[in-house]
Amino acid sequence: MIEKITELIEKLERTHSLSVEEYELLLEHRSDETAAILAEKADAVRREVYGNTVFIRGLIEVSNICRNDCLYCGIRRSNKSCDRYRLTKEQILECAEEGYALGFRTFVLQGGEGIFSAEHTADIVRELKKRYPDCAVTLSLGEYSRDEYAMMREAGADRYLLRHETADKAHYDRLHPAEMSFDNRMRCLRDLHTLGFQVGCGFMVGSPFQTLRNLALDLRFVEEFSPEMCGIGPFIPQKDTPFGNYPAGTADMTIYLLSIIRLIKPNILLPATTALGTITKDGRERGIKAGANVVMPNLSPLSERKKYALYDNKIATGDESAQAVEHLRQSMAKIGYEVVTARGDFVR
Ligand code: SAM
């Protein structure tokens, strides 16, 4: 079987494409041996495009108030134990000021859904772009209409992260309440692309009810949608949610998928996520070595950070931003990669 899997990996490296059945087979045969082969190829491909650089993004968690009720998420509206906050425009600008001084040239505004109107978001984006014309602004604020996204884009937003969560509609419906729509999420992703955003889709690894077939469909979706970025991390249970007792996804499978995604799309911007760093101590470093090339340290105010608890035991909730960046620089240097202060745009 190892010959067959090696053949599939070579085919993926050559053509950047496999069928859903082939992806599923590749996932079924994950072993230390196949993971090592994949990681080596993925790292070689990322070095051809991005060298040994690691891009950093300053993550500003603007609010944990959310109108949605995703069954896996700690900031879902039904979670009465969640202590809610919403940063003001001034607080967001202060976070950016601190981040700029630390060398960040991309700011990511992420938060719960429906709390920031498109007008308010556009206003903040305009101010950020005025103060920091050399920086990219990424938004990750959920679903809006096409016109609302257009308003944010016109204000200067460069990128948008909206994980598709799962490419299988039936699986989507088991992770979300009936009022949420798989088709609308997909519509949003298409609109964002046609409006000229650099777009990031993504999914959780090991989410409840997920099968290898589901993950194979996710990979096929990444191939076909061809995003500029892809955010994947293990599902981690949060105790106050309906999925609080479900098992977490694994670092091994997440890292394996990172390598596959790098081979699907050699120039993709691929973060080693906070969730990966949470599930295992050296998760982010292992992700970078296996094909990822982005890390998103937290710039949110320390006073609010613990409240953005999507899942339990999230890392670095108490670290000063400066300290976190320095630590990251050192840990990346130790494994042979260099944290750089570039905007880190997608290379066409
Ligand atoms: N509201 C925006 C949205 O839905 O795109 C952005 C914020 S949302 C909390 C960001 C991402 O967190 C989601 O896309 C989801 O994949 C991830 N997430 C939520 N709960 C999680 C959990 N328990 N474990 C791992 N990731 C989780």
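**View 1. The two sides of helix α6 in a predicted model.** The face of α6 that is turned away from its buried side carries Asp147 and Glu154, both of them exposed, where exposed stands for over 50% relative accessible area, buried for under 20%, and partly exposed for what lies in between, with a 1.4 Å probe and protein chains only. This is a predicted model, in which local features need pLDDT of at least 70 and side-chain atom pairs count only at pLDDT 80 or more, whereas totals for chains, interfaces and linings use all residues. Residues are numbered from 1 along each chain as its sequence is written, and side-chain values use heavy atoms, with hydrogens and water left out. Helix α6 spans residues 146–154, and its buried residues are Tyr149, Ala150 and Met152. Seen down the axis of α6, these buried residues fall within an arc of 160°, so they line one face of the helix; the arc is taken from the directions that run from the helix axis to the C-beta atoms. Helices (H or I, at least four residues) and strands (E, at least two) are DSSP runs, numbered from the N terminus.

**View 2. The surroundings of α6.** The buried residues of α6 pack against α5 (118–131), β4 (136–140), β5 (159–161) and α8 (182–194), contact being defined as heavy atoms within 4.5 Å. Just after α6 comes Gly156, which takes a positive phi of about 120°.

View 3. The ligand is surrounded by 18 residues, of which the closest are Tyr72, Gly111, Arg163, Glu165 and Ile236; a residue is near a molecule if one of its heavy atoms lies within 4 Å of it. A nitrogen atom of the ligand is 2.7 Å from a polar backbone atom of Ile236, and a nitrogen atom of the ligand is 3.5 Å from a polar backbone atom of Leu310. Taken alone, the ligand exposes 560 Å², and the protein buries 93% of that.

View 4. An N or O atom in the side chain of Glu113 is 3.3 Å from a nitrogen atom of the ligand. Leaving aside residues up to four places away in sequence, Glu113 touches several residues, among them Ile65, Arg67, Leu141 and Arg185.

**View 5. Asp218 in helix α9.** Asp218 lies in α9, which covers residues 212–225, and is buried, with a relative accessible area of 0%. The side chain of Asp218 reaches the backbone nitrogen of Ala167 at 2.8 Å. Apart from residues up to four places away in sequence, Asp218 touches His164, Thr166, Ala167, Phe203 and Gln210. Between Asp218 and Gly202, which are 16 residues apart in sequence, the distance in space is 8.2 Å, C-alpha to C-alpha.

View 6. His16, in the loop between α1 (2–15) and α2 (20–28), has a phi near 60°, a positive value in a residue other than glycine. At 31% relative accessibility, His16 counts as partly exposed. Glu165, which lies in the loop between β5 and α7 (169–175), has a positive phi of about 75° although it is not a glycine. Glu165 is buried, with a relative accessible area of 9%.

Technical notes
A polar contact is a pair of N or O atoms within 3.5 Å; within protein, one must be able to donate a hydrogen and the other to accept it, and residues adjacent in sequence count only if both atoms are side-chain atoms. Accessible areas come from the Shrake-Rupley method with a 1.4 Å probe; for residues, only the protein chains shown count as cover.
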